Number of protein chains: 2
Amino acid sequence: MFFLIGLGLGDPKDITVKGLEIIKKCNRVYLESYTSILPCGTEALEEFYGKKLIIADRDVIEQDVDEIFYEADKLDIALLVVGDPFGATTHTDLILRAKERGIKVQIVHNASILNAVGCCGLQLYSFGETVSIPYWTDTWQPDSFFDKIVANHQRGLHTLCLLDIKVKEPTLESLTKKKKEYMPAKFMSVSEASQQLLQIVERNPDTCITKNCLCVGIARVGSDTQQIIVGSLSKMVEYDLGKPLHSLVITGPNLHPLEVEYLEQFKI
Amino acid sequence: MFFLIGLGLGDPKDITVKGLEIIKKCNRVYLESYTSILPCGTEALEEFYGKKLIIADRDVIEQDVDEIFYEADKLDIALLVVGDPFGATTHTDLILRAKERGIKVQIVHNASILNAVGCCGLQLYSFGETVSIPYWTDTWQPDSFFDKIVANHQRGLHTLCLLDIKVKEPTLESLTKKKKEYMPAKFMSVSEASQQLLQIVERNPDTCITKNCLCVGIARVGSDTQQIIVGSLSKMVEYDLGKPLHSLVITGPNLHPLEVEYLEQFKI
């Protein structure tokens, strides 16, 4: 059996009781380590589970799934993922690949940023399409997500912006070489995302999104060090919310009185 | 301290380890029983926690919060809610009421239908605004949610439809009486929701939503008896997905190849 188990927001104790029981009985337990980041570190998990974890990085998940599925028809194999198992396309694909091989699959759901973003007090049912903000380079500055933020705003909806993560990205120079070299991991901050957004706003002065739009910056949601700040987009640039992961919300134009009251706690 | 703890999808073991540890040390533990339903029953939870639960129904949550908060400055009080704590406005309001009283609050997140809907293979980032479909009566047939489904579809997005729940609703006759009488609890099925939607579709023949739109019916997500069916809106009417809770997804017009491949498993 192949188990795909959500770890939730990243503290070892955020796992469900169901998930923990499965891990304890599994023959091999992989930790998916490239679509998100585990704030607590692998050792803390291993200690809590009393079990050795095998790191499954990008190369393993995308090119070497047969390693993960080896003897999964006879043994119990788990892959642990931060958040909910369906938070990344990669995992949906893995489930299909397992089923193709005749391997039974069980999913254990958990919290993800998609519902935990409610911690800022914005109503989950007033969010439109979620967008991802990618790191820009000098030559590659995509901004198609901006249209989605505008469309959400026009419909009176908030936008959750997921911020880019670069883990085990091969360097440009090593792409053509036999031995790949990797860039250091980086995680986009609320400040960095807001800087990129401000640049797009400047190039698009005629949309409903301006530097004065009310935004919410969220860091390390669900942890003891969770931080939430509320202010204009231009204010977001100035604040350092510390360690990853960060998320940014662009609020819709008309807040519910309860949303206003809740956000008040986090005003900068 | 006041703890608001998400129970996830409803099996006793869907609680997180963090949540379970808190429950075990609490002086009083309430179970919120009107914004959702606990599929496993209260007794199963009590047995698993080794703790008596106090049912907090609509009257308590909306009118009698001081009972819940009694001595919360000195004791540890928990309120358990199905799904994630921020799934209902009521809970956000409760947190504000606690803070007004100087009571410290801690949240324990968990999975909710908003992310667990990914189990059908539709990409979570391709969902637009979530809508709620209310039970119609002979004289009250609101359909404003339909415009939102149309708007999502026009933008190429899926719509998650949350289906109505009626728990401890006073009967019309007893509203003016001193002693309230309540209607039996009811939970909208995928079939009932689809019937109402079909009626709206017939009245609005010029939108992009037709009886042939591809839909996904989901029942008891995350449980051992989870069921998923995929078919046209008119087909959804014919199938009985059994016990609650049900949810319905109206898919967007252009599915990703991976979504098509995943949905294939559940075609009726």
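Reader: Where is B:D164 found?
Author: B:D164 is in the loop between β7 and β8 (165-166) of chain B. Strands and helices here are DSSP runs, numbered from the N terminus: a strand is E with at least two residues, a helix H or I with at least four. This is a predicted model, where local features need pLDDT of at least 70, side-chain atom pairs count only at pLDDT 80 or more, and totals for chains, interfaces and linings use all residues. Residues are numbered from 1 along each chain as its sequence is written, chains are lettered from A and ligands numbered from 1 in the order written, and side-chain values use heavy atoms, without hydrogens and water.

Reader: Is B:D164 buried or exposed, and how do you know?
Author: Its relative accessible area is 16%. Buried means under 20%, exposed over 50%, and partly exposed in between, with a 1.4 Å probe and protein chains only.

Reader: What makes B:D164 and B:Y135 a polar contact?
Author: The backbone nitrogen of B:Y135 lies 2.8 Å from a polar side-chain atom of B:D164. A polar contact is a pair of N or O atoms within 3.5 Å; within protein, one must be able to donate a hydrogen and the other to accept it, and residues adjacent in sequence count only if both atoms are side-chain atoms.

Reader: Which residues is B:D164 in contact with?
Author: Contact means heavy atoms within 4.5 Å. Leaving aside neighbours within four places in sequence, the contacts of B:D164 include B:I133, B:K186 and B:M188.

Reader: Why are β6 and β11 of chain B said to stand at the edges?
Author: Start with the sheet. The open sheet has five strands in the order β6-β7-β12-β10-β11 (chain B), with mixed pairing. β6 (131-133) and β11 (227-232) each have a single partner strand, so one side of each has no neighbour in the sheet. From one strand to the next, the twist averages 25°; axes are lines fitted to C-alpha atoms, for helices over the stretch in contact, and angles run from 0 to 180 degrees between N-to-C directions.

Reader: How do you know that β10 and β12 of chain B pair?
Author: Two strands pair if DSSP finds at least two bridges between them. Here β10 (214-219) and β12 (246-250) are joined by five bridges and run antiparallel. B:C215, for one, has B:I250 as its bridge partner in β12(B).

Reader: What packs on this sheet?
Author: Helix α7 (144-154) of chain B touches β6, β7 (159-163) and β12, with its direction at about 140° to that of β6(B). Helix α8 (190-203) of chain B packs on the sheet too, at about 40° to β12(B).

Reader: Why is chain A called as compact as a globular protein of its length?
Author: Chain A has ten helices and twelve strands. Its radius of gyration is 20 Å, close to the 18 Å that the globule rule gives for 268 residues, so the description holds. The radius is taken over C-alpha atoms, and the rule is 2.2 Å times the number of residues to the power 0.38.

Reader: Why is β12 of chain A called largely enclosed?
Author: Five of its five residues are buried, so the rest of the structure largely encloses it. A:H246, A:L248 and A:I250 point one way, and A:S247 and A:V249 the other. In a regular strand, side chains alternate between the two faces of the sheet. Strand β7 (159-163) of chain A joins β12(A) by four bridges, and A:L162 stands opposite A:S247.
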